[in-house]
Amino acid sequence: MSEAVLILHVSFAAAWFGHKLLIPKDVRTSVRHPESAALLVTRMSRAQRLGIASGLGTLATGLWLMHLSTGLTSASVETYAALAAVFAMFVVGGAVASPAWAKIRSAIEAEDTPGAMAGVSGFNKAQSLESLLWVFALVMMVIG
Ligand code: HEM
């Protein structure tokens with residue numbers, strides 16, 4: 001049972017990280033022209049759905065593994081550190097990356113190319129911070 005949950009957990013975590021890899025360059029280059037920017041909006045909607053599903057899947061299977069092994073209140077410090085990193089990722093995603101993307105999307109929909117380009121740097125910084133937190137969580141998992 002716990003092996004199956006572990007496979008699910010690692011698969012969700014890999015999808016969470018993997019789906020983000022191409023986003024920063026895609027956003028940076030696609031916003032430059034109205035035609036590619038319009039297509040970017042559709043791709044980003046799909047990416048957002050995948051990000052939310054894989055992030056919640058990682059968290060849920062992580063909690064499930066804790067429940068199956070040590071119990072929710074007696075896990076290792078590293079597991080709690082990974083849990084904190086995952087919550088921090090949700091905070092960065094919800095409070096920084098999503099609003100930053102909403103601004104870019106509004107600018108694209110208003111055909112305001114300079115406005116869309118101006119928002120890219122902030123959005124990509126939030127993406128990088130999320131990826132760093134993900135790597136931190138992975139290190140915690142492996143050494144814990
Ligand atoms: C980005 C986030 C995460 C990544 C990349 C990740 C990755 C991993 C990996 C690779 C393993 C296998 C480690 C090994 O066998 O050496 C693992 C195991 C595990 N993870 Fe995560 N994980 C993440 C988040 C979480 C969270 C948030 C929790 C808790 C809520 C959690 C709880 C666990 C538990 C309990 C195990 C099993 C440890 C064991 O039985 O030795 N993980 N995780």
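Helices (H or I, at least four residues) and strands (E, at least two) are taken here as DSSP runs, numbered from the N terminus.

**Entry 1: ground rules**

I'm working from a predicted model, so noted: local features need pLDDT of at least 70, side-chain atom pairs count only at pLDDT 80 or more, and totals for chains, interfaces and linings use all residues. Residues are numbered from 1 along each chain as its sequence is written.

**Entry 2: overall layout**

I counted elements and got five helices and zero strands in the protein chain. Reading along the sequence, I get α-α-α-α-α. I boxed the C-alpha atoms along the principal axes and found roughly 55 × 25 × 20 Å.

Next I looked at contacts, where two residues qualify if their C-beta atoms, placed from the backbone, lie within 7 Å. Of the contacts with a separation of 6 or more, 79% are between residues 24 or more positions apart.

For burial I used C-beta atoms placed from the backbone: a residue with 20 or more others within 10 Å of its own is buried, one with 12 or fewer is exposed, and anything in between is partly exposed. Buried residues come to 26% of the 144 in the protein chain.

Two packed helices are described by the angle between their axes and the distance between the axes. My axes are lines fitted to C-alpha atoms, for helices over the stretch in contact, and the angles run from 0 to 180 degrees between N-to-C directions. I call angles under 35 degrees roughly parallel, over 145 roughly antiparallel, 65 to 115 roughly perpendicular and the rest oblique.

Helix α3 (residues 34-68) and helix α4 (residues 77-109) pack at about 165 degrees, axes 12 Å apart. The pair is therefore roughly antiparallel. I also checked the hand: left-handed if the near helix is turned anticlockwise from the far one by less than a right angle, right-handed if clockwise. α3 passes α4 in a left-handed crossing.

On the α3 side of the contact I listed residues including Val41, Met44, Leu59 and Met66, and on the α4 side, among them, Leu83, Phe90, Trp101 and Ile108. I sorted the contact by class: twelve nonpolar, four polar and one charged residues. Here Ala, Val, Leu, Ile, Met, Phe, Trp, Tyr, Cys and Pro count as nonpolar, Asp, Glu, Lys and Arg as charged, and the others, Gly among them, as polar.

I found the axes of α2 and α3 coming within 9 Å and crossing at roughly 155 degrees. So these two are roughly antiparallel as well, and their crossing is left-handed. Ile23, Asp26, Val27 and Ser30 of α2 meet Ser36, Ala37, Leu40 and Ala47 of α3. That contact has five nonpolar, two polar and one charged residues.

For α1 and α3, the axes come within 8 Å and cross at roughly 150 degrees. That makes α1 roughly antiparallel to α3. α1 passes α3 in a left-handed crossing. The α1 residues in the contact include Val5, Phe12 and Trp16, and those of α3 include Gly51, Gly55, Trp64 and Leu68. I sorted the contact of α1 with α3 into eleven nonpolar, nine polar and no charged residues.

**Entry 3: the cores**

I define a nonpolar core as a set of buried Ala, Val, Leu, Ile, Met, Phe, Trp, Tyr and Cys residues joined through C-beta atoms within 7 Å. The largest has 13 residues, and Val31, Ala100, Ile104 and Phe123 have the most contacts inside it. α2 (23-30), α3, α4 and α5 (113-143) each give two or more residues to this core; α4 gives the most, with five.

**Entry 4: three exposed residues**

Arginine 32 sits in the loop between α2 and α3. I count it as exposed because it has 12 C-beta neighbours inside 10 Å. Not counting residues up to four places away in sequence, arginine 32 touches Thr113 and Met117. Its C-alpha is 6.4 Å from that of threonine 113, 81 residues apart along the chain.

Glutamate 3 is in helix α1 (residues 2-18), and it counts as exposed with 7 C-beta neighbours inside 10 Å. I find 9.2 Å between the C-alpha atoms of glutamate 3 and leucine 65, 62 residues apart along the chain.

Glutamate 111 is in the loop between α4 and α5. It counts as exposed, with 11 C-beta neighbours inside 10 Å. I noted its phi near 55 degrees, a positive value in a residue other than glycine.
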